[in-house]
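Have a look at it first.

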Amino acid sequence: MFGRLAESNAMAQIMYGLALRHGWGIPPDPPLAINYLSRAASNSAAVESAALSSGMKRGGAAKGELVLAIYELANSFRHGWGVDKDPVAARSYYETAANLGDTDAMNEVARCYEEGFGGKKNRVSFIIPPFIGTPKLNTLD
């Protein structure tokens with residue numbers, strides 16, 4: 001079903017990509033899964049760009065799909081599912097998804113900093129990741 005819907009629907013593209021990646025109910029085809037996850041990210045980004053261009057401050061209806069597609073592409077690069085393992089790309093995709101508010105991606109970014117996956121170890125960034133910003137102290141004045 002997702003295969004038929006995946007021609008025009010970003011969420012169906014994500015679900016079909018995941019089914020292809022893991023062989024859920026269909027023969028696994030990880031390289032084709034990357035294609036569908038990439039299409040989902042691209043299509044969702046186009047919807048979000050149009051929403052922001054029209055004056056919406058927080059984007060449109062496809063932000064969830066965009067973030068999920070980016071997060072799943074990061075997982076593919078981390079584990080080598082359908083692509084060669086690429087720790088730098090995985091970390092970059094995780095950081096992008098984290099900057100868009102995905103809490104799972106935030107955890108993965110912290111893990112990357114803690115383990116030095118895709119870049120240097122950085123315990124400060126692990127504790128206070130750059131996407132969160134500078135902490136502010138609450139004072140009782």
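A residue counts as buried here when its relative accessible area is under 20%. Keep in mind that this is a predicted model. With that cut-off, Tyr-94 is buried, because its relative accessible area is 0%.

So what does Tyr-94 touch, leaving aside residues up to four places away in sequence? Its contacts are Tyr-71, Ala-74, Asn-75, Arg-78, Ala-105, Glu-108, Val-109 and Cys-112. Tyr-94 also belongs to the largest nonpolar core, a set of 24 residues, where Ile-14, Tyr-94 and Ala-97 touch the most other members. Helices H2, H3, H4, H5 and H6 each give two or more residues to this core, and H4 gives the most, with eight. Apart from it there's another core of five residues, including Ala-6, Leu-20, Ala-33 and Tyr-36.

Now for the rings. There are three aromatic pairs. In one of them, Tyr-16 and Tyr-36 have ring centres 4.9 Å apart and planes at 85°, so the pair is edge-to-face. Tyr-16 sits in helix H2 and Tyr-36 in helix H3, 20 residues apart, so this pair links distant parts of the chain.

Tyr-71 lies in helix H4 and Tyr-94 in helix H5, so the pair ties together parts 23 residues apart in sequence. Tyr-71 is buried too, at 13%.

Charges meet rings as well. The charged end of Arg-78 sits over the ring of Phe-117, 4.3 Å from its centre, and that of Arg-91 sits over the ring of Tyr-113, at 4.1 Å.

Notes
Residues are numbered from 1 along each chain as its sequence is written. This is a predicted model: local features need pLDDT of at least 70, side-chain atom pairs count only at pLDDT 80 or more; totals for chains, interfaces and linings use all residues. Side-chain values use heavy atoms; hydrogens and water are left out. A nonpolar core is a set of buried Ala, Val, Leu, Ile, Met, Phe, Trp, Tyr and Cys residues joined through side-chain atoms within 4.5 Å. Buried means under 20% relative accessible area, exposed over 50%, partly exposed in between (1.4 Å probe, protein chains only). Helices (H or I, at least four residues) and strands (E, at least two) are DSSP runs, numbered from the N terminus. Contact means heavy atoms within 4.5 Å. Rings of Phe, Tyr and Trp (its six-membered ring) pair if their centres lie within 6.5 Å; planes under 30 degrees apart count as stacked, over 60 as edge-to-face and the rest as tilted. A charge sits over a ring if NZ of Lys or CZ of Arg is within 6 Å of the ring centre and within 35 degrees of the ring normal.
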